[in-house]
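Please look over the structure first.

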Amino acid sequence: MSTRIAPAALLATALAFTAAAQAPAASADFDAASAARFAELALSCVHQEYPNKISHTMRSDDDVAPPRELFPAFYGCYDWHSSVHGHWLLARLARSYPEAPFAARARAALAESLTAEHVAGEVAYLEAEGRVSFERPYGLAWLLQLAAELRQWDDPDPRRWAQALAPLEAAAADRFRDWLPKLDYPIRIGEHAQTAFAFGLVHDWAETAGDDELAVLVDRRSRHYYLADRDCPLAYEPGGQDFLSPCLAEADLMRRLLDPPRFAAWLGAFLPGIPFDDGAGDADWLPVAVVSDPSDPKLAHVDGLNLARAWMLDGVAAGLPADDPRRAALTAASSAHRDAGLAAVTGEHYEGGHWLGSFAVYLVTHRGIE
């Protein structure tokens with residue numbers, strides 16, 4: 001087992017790319033032209049400072065500052081975590097479609113944000129007094145996902161950006177390392193504080209980074225929180241402003257930690273309502289969620305829920321044995337949610353446009369499953 005990775009070690013290991021550096025595989029019907037639509041959403045906001053909803057603890061008048069000074073790298077896209085996963089979107093798509101017309105602009109945006117000076121400002125903010133819970137767990141988990149994407153991108157520029165990001169990457173990992181032993185109970189809501197989704201991102205980063213210590217910690221704590229769970233109330237979902245499914249996110253996490261036969265048994269007790277289909281596929285057991293007003297920033301969350309459900313359903317299906325009869329129902333429900341979710345990613349309203357593209361790209365490029 002490795003010990004905690006210090007920033008200096010992260011700087012070195014960020015250069016150690018393996019066969020994982022191959023371009024990620026996207027859905028068959030998703031190409032560079034389709035990717036351009038989502039890339040434009042992030043390109044239009046990663047350096048757009050206002051409107052801005054900051055989560056900022058002030059201890060004196062000295063802490064009064066505009067977003068670009070508080071968060072030198074991640075001040076755009078309305079809030080810190082959306083800026084982080086907007087940068088991840090650009091890295092993911094530029095890595096996937098290096099010859100696409102948007103790729104050069106995506107790389108320029110990443111280069112502008114991910115400098116040593118900007119990251120030093122982010123680390124100083126994160127480690128200042130009174131900010132121990134800043135963006136924990138959601139934003140910090142996405143920060144690690146951005147770091148993982150750069151690590152897997154075999155190109156000189158991403159290596160340089162990974163080096164610049166490494167101190168913040170280390171600080172984010174340390175936050176999870178320090179927090180998990182003290183977290184007595186999981187957080188089961190459908191918004192940012194949910195632990196299951198964040199733990200999935202942290203698990204995937206730890207495998208990419210070779211941080212065995214944090215990987216084992218996430219595994220142990222996840223089993224402690226979730227292994228004995230039964231009869232998750234899927235019928236109670238969605239909440240009116242959910243963008244993550246509490247039940248499906250937990251299942252998507254546990255399929256990462258259990259082998260297929262054990263996961264299949266666990267899933268039978270946890271979500272006993274998944275149909276054992278005859279092969280035709282049944283999506284009715286999990287109706288697609290409906291958004292009445294996409295211009296409302298909280299109601300628009302539910303568009304993200306459809307996207308998140310789709311990738312979680314795909315993940316659950318991938319974690320089952322190949323002959324498991326529930327796979328057809330899971331795949332049918334995923335397809336219905338995918339269609340509804342992707343149709344909502346229009347950019348017409350900034351309330352959804354500043355973040356839904358990231359969820360769409362996570363889904364169509366099979367992140368977390370590849």
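## Helix 4 against helix 5

In helix 4, His87, Leu90, Ala91 and Ala94 make contact with helix 5, where the partners are Ala103, Ala106, Arg107, Ala109, Leu110 and Ser113. By class, this contact of helix 4 with helix 5 holds seven nonpolar residues, two polar and one charged. The model is predicted.

Helix 5 spans residues 103-113. Helix 4 and helix 5 pack at about 140°, and their axes lie 9 Å apart. That angle makes helix 4 oblique to helix 5. The crossing of helix 4 past helix 5 is left-handed.

## Helix 4 against helix 7

Helix 4 covers residues 80-96, and helix 7 covers residues 138-151. The two pack at an angle of about 20° with axes 9 Å apart. Helix 4 and helix 7 are therefore roughly parallel to each other. Helix 4 passes helix 7 in a crossing that is left-handed.

Which residues of helix 4 meet helix 7? They are Trp80, His81, Val84, His85, His87, Trp88, Ala91, Arg92 and Arg95. From helix 7 come Tyr138, Gly139, Leu140, Trp142, Leu143, Gln145, Leu146, Glu149 and Leu150. The contact of helix 4 with helix 7 counts ten nonpolar, five polar and three charged residues.

## Helix 11 against helix 13

Helix 11 runs over 246-257 and helix 13 over 301-319. Helix 11 and helix 13 pack at about 35°, with 8 Å between their axes. Their crossing is left-handed.

Helix 11 contributes Leu248, Ala249, Ala251, Asp252 and Arg255 to the contact. Helix 13 answers with Arg309, Trp311, Met312, Leu313, Gly315, Val316 and Gly319. By class, the contact of helix 11 with helix 13 has seven nonpolar residues, two polar and three charged.

## Cavities

How many cavities of 30 Å³ or more does a search of the whole structure find? The search finds four. The largest cavity holds about 70 Å³ of space. Its lining consists of Asn52, Lys53, Ile54, Ser55, Pro67, Phe71, Phe74, Tyr75, Asp79, Trp80, Phe134 and Glu135. That lining divides into seven nonpolar, two polar and three charged residues.

Ala196, Phe197, Gly200, Leu201, Ala249, Asp252, Leu253, Arg256, Trp311, Met312 and Tyr362 line the second largest cavity. By class, the lining of the second largest cavity has eight nonpolar residues, one polar and two charged. Ala249, Asp252, Trp311 and Met312 are among the residues of this lining. Ala249 and Asp252 of helix 11, and Trp311 and Met312 of helix 13, also belong to the contact between those helices.

## Backbone features

One runs from arginine 136 to proline 137, with omega near 5°. Proline 137 sits in the loop between helix 6 (116-126) and helix 7. Another cis bond joins glutamate 237 to proline 238, with omega near 0°. Proline 238 is in the loop between helix 10 (212-226) and helix 11.

Where is cysteine 77 found? Cysteine 77 lies in the loop between helix 3 (67-70) and helix 4. Its phi is near 60°, a positive value in a residue other than glycine.

Technical notes:
Residues are numbered from 1 along each chain as its sequence is written. This is a predicted model: local features need pLDDT of at least 70, side-chain atom pairs count only at pLDDT 80 or more; totals for chains, interfaces and linings use all residues. Side-chain values use heavy atoms; hydrogens and water are left out. Axes are lines fitted to C-alpha atoms, for helices over the stretch in contact, and angles run from 0 to 180 degrees between N-to-C directions. Helices (H or I, at least four residues) and strands (E, at least two) are DSSP runs, numbered from the N terminus. Angles under 35 degrees count as roughly parallel, over 145 as roughly antiparallel, 65 to 115 as roughly perpendicular and the rest as oblique. A crossing is left-handed if the near helix is turned anticlockwise from the far one by less than a right angle, and right-handed if clockwise. Contact means heavy atoms within 4.5 Å. Ala, Val, Leu, Ile, Met, Phe, Trp, Tyr, Cys and Pro count as nonpolar, Asp, Glu, Lys and Arg as charged, and the others, Gly among them, as polar. On a 1 Å grid over the protein atoms alone, a cavity is a set of points where a 1.4 Å probe fits but cannot get out, and a pocket is an open set with protein on both sides within 12 Å along at least five of seven lines; lining residues have an atom within 4 Å of a point. Grid points are joined across faces, edges and corners, and a volume is the space filled by probe spheres set on the points.
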